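Please look over the model below before reading the points. The comments are meant to be checked against the coordinates.

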Amino acid sequence: MCEHNKLHIRNPTVVWTYTAYYATLDIHHHHLPSQFVRQNSMDQAHTPTLDRPLVEVLFFPRGLERIEASTLFALRLLGPTSGFLLCSLCLNFYEDPFRKKKETKSPIEQLKDMGKAMKRLSKNPILICHYLGGVLRLNGIVGYYVLLPKYMEMQFRQSASKASLYSGPAGLVGMQLGILFGGIAIRKLKPKPRIMTGGIVIAESFSFFALILCMIITCPIQDLSGTTFDPNTNTLNLTNTCNTDCLCTTKVYTPVCGPGGDTSYFSPCYAGCTGYNKTDGTEIFTDCKCLHNNLGESIISEASKSFCGFECHWLITFIVVLSLGKLISSTARVANALVTLRCVDPEDKSLALGALSGVFSLLAFIPYPLIYGALTDASCLVWEKSCGKTGNCWIYDADKFRFLLHGVSAGFVFLGCLTDVMVCILSPRLKNLYDDDDEDAAKKKGIDENEIVNNGGMLGVVKTGVANGSLNSLNATDKNSTPL
């Protein structure tokens, strides 16, 4: 291995910069397909219906409390956290074959040193504000993107596959380009601490404005016909005087559309249908006694198994706004990693990154499933009920879900921006942003090459091929004849 690579491997700054970069990619956006499709039967008619979201299957399986499921999800981060702490300990030991080995400290002394280092970190105002801002943003952004496919299905009437396609790659491409542009800008411009931290505030604020704009973008949602809202339970009552004797249940969600193409019903049973035909692949329910026309009058007619026609031209605008906000905000990722590494002493860098992983696990990855699970439950209008138990949510209050999802996420991002302002105010304390510690120390000390060669250092080995001070045994003429 060449000496250049060895020096890079031994440099904690290089190692942890790459680690922080890839951790950023891993933490922010791992999108999962939002929903499964299963087959259910309803009066001998096999109807494909949308099952539980995959996120609910992973976080909130049946019979498992959400606090337990969230804890299990957060436990997967104990591995990276332990790895950071272990590397923090290992990086205290440097192997140099041309230097005498120093006496190692006992485990008790090392623990005392770690305690002192943790105390130093806890008294670092820039690091604390930076941690807090990361936790707030992580709660808002990760929670939002986890529920984004569900929101796009409900608000824009997209299929599960299309919703995952639009919400996943669009955000990831914007994030990757933003990280690339941000890194190039810092590499070329090398802004001062105040300018760099101010840029972080501006870049992160674009996420806030993008969420506000996306909250405004909406499409008209058709209400289910023949239903009433129950203010006591905040749910939708599907039963009326026409279908009260049909003994319908919400175990299966099979939406049907009335003859006019503008009224939808939860299922053929709630529409009062008693017959079924399938012609040329089109499923038609006949003799439906609980349908309504545009005037709200009851009629007997046919209903097709599908949602009613839906037109909305705001989906592309929604995706573009969200992607632009993600692209601009991602330009701050490299700067954020740089602040984490440069706001602490060189010997505390690895411990600062390890503590960051632990803080994210405790204050972000555990709370956000609980927070966003609660707001989705609060927006539910129709629950699946089977054998006296409540299951999935079939229908959401579109407007309430839209305001809660974007409002809560924008609130987290806004609070994160406030902490970034504090970092910007304290930014003059940041020193040595762009120079390696070893190079900077060498410049300050003014090391003499001849002194290193004569002492048998690394430079002497490279230039003379002789190590461990063996040059001292050479006579003056030999030294002068040695090619340097």
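The numbered points below cover annotated spans, a helix pair, disulfides and a hairpin.

1. The structure is a predicted model, and the values quoted here are computed from it.

2. Annotated spans. The unreviewed UniProt entry carries the annotation "transmembrane region" for residues 126–146, 166–186, 198–218, 314–339, 351–371 and 403–426. Two of these spans can be set against the model. Residues 166–186 are 95% helix and 0% strand, with 30 Å between the end C-alpha atoms. For residues 198–218 the figures are 90% helix and 0% strand, and the end C-alpha atoms are 33 Å apart.

3. Helix pair. Helix α9 spans residues 169–189 and helix α12 residues 333–342; their axes come within 7 Å and cross at roughly 55 degrees. On the α9 side the contact is made by Ile 179, Gly 183 and Ile 186, and on the α12 side by Arg 333, Val 334, Ala 335 and Leu 338. Sorted by class, the contact has five nonpolar residues, one polar and one charged.

4. Disulfides. How many disulfides does a search of the whole structure find? The search returns six.

5. Cys 219 sits in the loop between α10 (193–216) and β3 (228–230), while Cys 312 sits in the loop between β9 (298–304) and α11 (315–330). The pair therefore ties together parts that are 93 residues apart in sequence.

6. Hairpin. Strands β10 (residues 380–386) and β11 (residues 389–396) run antiparallel and are joined by five bridges. Cys 380 stands opposite Tyr 396 in β11. Two residues lie between the strands of this hairpin, and Cys 387 takes a positive phi near 55 degrees. As background for reading the strands, side chains in a regular strand alternate between the two faces of the sheet.

Key. Residues numbered from 1 in each chain as written. Predicted model: local features only at pLDDT ≥ 70, side-chain atom pairs only at ≥ 80, totals over all residues. Heavy atoms only, no water. Pairing = 2+ DSSP bridges. Helix = DSSP H or I, 4+ residues; strand = E, 2+ residues; numbered from the N terminus. Axes fitted to C-alpha atoms, helices over the stretch in contact; angles between N-to-C directions. Contact = heavy atoms within 4.5 Å. Nonpolar A, V, L, I, M, F, W, Y, C, P; charged D, E, K, R; others polar. UniProt positions renumbered as here; feature names shortened; annotations may be inferred. Disulfide = S-S within 2.5 Å.
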